[in-house]
Protein chains: 2
Amino acid sequence: MLWPLTGPVRGRGAHSFKLPRGGGEVSRGWAATTADFSALVRNGISQTQCLILSFQGILSEEPLYDPKILERLDFNKVRSKFNPPVSAVRPGEGLRVRPLRRADFHRGFLQLLSQLTAVGDVSEEQFLKRFDAMQSCPNTYYVTVIEDTTNGQVIGSSTLVIEQKFIHGCAVRGRLEDVVVNNTYRGKQLGKLIIMTVTLLAEELNCYKMTLDCKDNLIPLYSSLGYFLEKGNSNYMQIRFDKAPS
Amino acid sequence: MLWPLTGPVRGRGAHSFKLPRGGGEVSRGWAATTADFSALVRNGISQTQCLILSFQGILSEEPLYDPKILERLDFNKVRSKFNPPVSAVRPGEGLRVRPLRRADFHRGFLQLLSQLTAVGDVSEEQFLKRFDAMQSCPNTYYVTVIEDTTNGQVIGSSTLVIEQKFIHGCAVRGRLEDVVVNNTYRGKQLGKLIIMTVTLLAEELNCYKMTLDCKDNLIPLYSSLGYFLEKGNSNYMQIRFDKAPS
């Protein structure tokens, strides 16, 4: 028997839920502590149930990819692009750059994406299914977020998608997708930070190039970060299918 | 103990190899028959070894994705684009459209790609490793080829790569990659055929859109097939990494 989440996310990514016998709130996730466990047990919840809750919590905080890769990114290469200097491991006070986690469903991740484009009514089940599907493709999806650690909300995101090729000696290339920063956090270099994080990630993961498709008004931003329109080879074309969402 | 392939690929994709005791050639792959088996056994090769060879052959002809999907593509939608009408299941006399197979390493697949761009010196081991890596990403890589069944060579190829999203109700989008037709087979609608095959495949697999990046001189071709440059949103940008192959 598991209890549904009852409230918004609090603090460092811990979910909270009310105890069934009115015993107050207990956090789960990485924040689950022996104190929480004692509170649960006092409320008549078995140790087995506690372990299930704990496992659920650990699973919900499992990163989409190994966060250690972010520590290897060399922001010295792009230091001149930031004032003051920031990096994936030092993004600034009260901020954290990390891989997407399942629990980010409760931290405003989809609401953030809806500032970029239509997301639609995605249930937690759909979200988790997509997360699992991404995770089941080895070395492919690197959805990376910026978390405001003061309120536990996801306030920036960008995705590196890696494509495997036969050409160029069975090389891999990267694609920059779905860049968005919460509009109340703009002007803090966070767009540049999240773009350069996944760009350096692509290089770290041995991509021979990173590419993107963008609107005209974003060309100056991407140009300032090293992206270029290749003469005679900078066309992005599309075809849309009838059954498509907008 | 397995014997190396000794010669070029013959006919319908069958590999051939010489028997170790000078007993002539035996084909392996789908073409492996009981007659082949008898020949092997007569030459002192155990039944177990025969089975291993047979399994190897079956594996080498396993398609990258389920070829039945190609039968579902509705070429009536794009009938006007072809004269005479062709489709993935009826590509024309002596031709076959199908998913990539491991054995295509021996059918000129990489040599074909080298007409598109640099491929480099890719060993069979590297090729197979890449094939397996693509196959280990569920519902992602749809490398599709045209085979000339009269000589067993791969003479056209194009790839649909599917990317999973959280946006648009956890939708999927398709990308058209690495389109190439052997230059001695040009003028036979094969470029259009392979492009439309993977485009219809993207629609069949519920992509909300299919996109591509291309050089200026290819815009008319893709425009004629339904692709368009969206006003204000048709920029393809890139960044290349030092360690990159050309």
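Buried means under 20% relative accessible area, exposed over 50%, and partly exposed in between, with a 1.4 Å probe and protein chains only. By that cut-off, eight of the eight residues of strand β4 (residues 141-148) of chain B are buried, so the strand is largely enclosed by the rest of the structure. This is a predicted model, in which local features need pLDDT of at least 70, side-chain atom pairs count only at pLDDT 80 or more, and totals for chains, interfaces and linings use all residues. Residues are numbered from 1 along each chain as its sequence is written, chains are lettered from A and ligands numbered from 1 in the order in which they are written, and side-chain values use heavy atoms, with hydrogens and water left out.

**Chain A overall**

- Chain A contains eight helices and eight strands. Helices (H or I, at least four residues) and strands (E, at least two) are DSSP runs, numbered from the N terminus.
- Of the 246 residues in chain A, 53% are buried.
- Among contacts in chain A with a separation of 6 or more, 61% come from residues 24 or more positions apart. Contact means heavy atoms within 4.5 Å.

**Strand β4 in chain A**

- Strand β4 (residues 141-148) of chain A is mostly covered, with eight of its eight residues buried.
- In a regular strand the side chains alternate between the two faces of the sheet.
- A:Y141, A:V143, A:V145 and A:E147 point one way from β4(A). A:Y142, A:T144, A:I146 and A:D148 point the other way, and all are buried.
- Strand β3 (residues 95-99) of chain A runs antiparallel to β4(A), joined by five bridges. Two strands pair if DSSP finds at least two bridges between them.
- On the other partner, β4(A) pairs with strand β5 (residues 153-164) of chain A in the antiparallel sense, over eight bridges.
- A:T144 in β4(A) stands opposite A:P99. A:T144 also stands opposite A:S158 in β5(A).
- β4(A) and β5(A) form a hairpin with four residues between them. In the turn, A:G152 has a positive phi of about 70°.

**Strand β4 in chain B**

- Both faces of β4(B) are covered. B:Y141, B:V143, B:V145 and B:E147 are buried on one side, and B:Y142, B:T144, B:I146 and B:D148 on the other.
- Five bridges pair β4(B) with strand β3 (residues 95-99) of chain B in the antiparallel sense. Within this pair, B:V97 stands opposite B:I146.
- β4(B) and strand β5 (residues 153-164) of chain B run antiparallel and are joined by eight bridges. B:Y142 has B:L160 in β5(B) as its bridge partner.
- The hairpin of β4(B) and β5(B) has four residues between the strands. B:G152 in the turn has a positive phi of about 70°.

**Symmetry and interface**

- Two copies of a chain are related by a rotation about an axis and a shift along it.
- Chain A superposes on chain B by a rotation of 180° with 0.1 Å of shift along its axis (RMSD 0.2 Å). The two copies are thus related as by a two-fold rotation axis. Superposition is by least squares on the C-alpha atoms of residues with pLDDT of at least 70 in both copies.
- A:C137 comes closest to the rotation axis of the residues of chain A, at 2.1 Å (C-alpha).
- Chain A places 74 residues in contact with 74 residues of chain B.
- The copies meet through the same surface, because 100% of the interface residues of chain A are also interface residues in chain B.
- About 6900 Å² is buried between chain A and chain B, 56% of it on carbon and sulfur atoms. In chain A, A:F166, A:Y236 and A:M237 lose the most area to chain B, together 14% of what that side buries. Buried area is the accessible area (1.4 Å probe) that two parts lose on being put together, summed over both.

**A:T211**

- A:T211 lies in strand β7 (residues 207-214) of chain A. A:T211 counts as buried because its relative accessibility is 2%.
- The side chain of A:T211 makes a polar contact with the side chain of A:R173 (2.9 Å). A polar contact is a pair of N or O atoms within 3.5 Å; within protein, one must be able to donate a hydrogen and the other to accept it, and residues adjacent in sequence count only if both atoms are side-chain atoms.
- Leaving aside neighbours within four places in sequence, A:T211 is in contact with residues including A:R173, B:Y236, B:M237 and B:Q238.

**Cysteines**

- The structure holds zero disulfides over all chains. A disulfide is a pair of cysteine sulfur atoms within 2.5 Å.
- A:C214 has its closest cysteine sulfur in B:C214, 16 Å away, too far for a bond. A:C214 is buried, at 3% relative accessible area.
- B:C170 has its closest cysteine sulfur in A:C137, 14 Å away, too far for a bond. B:C170 is buried, at 13% relative accessible area.
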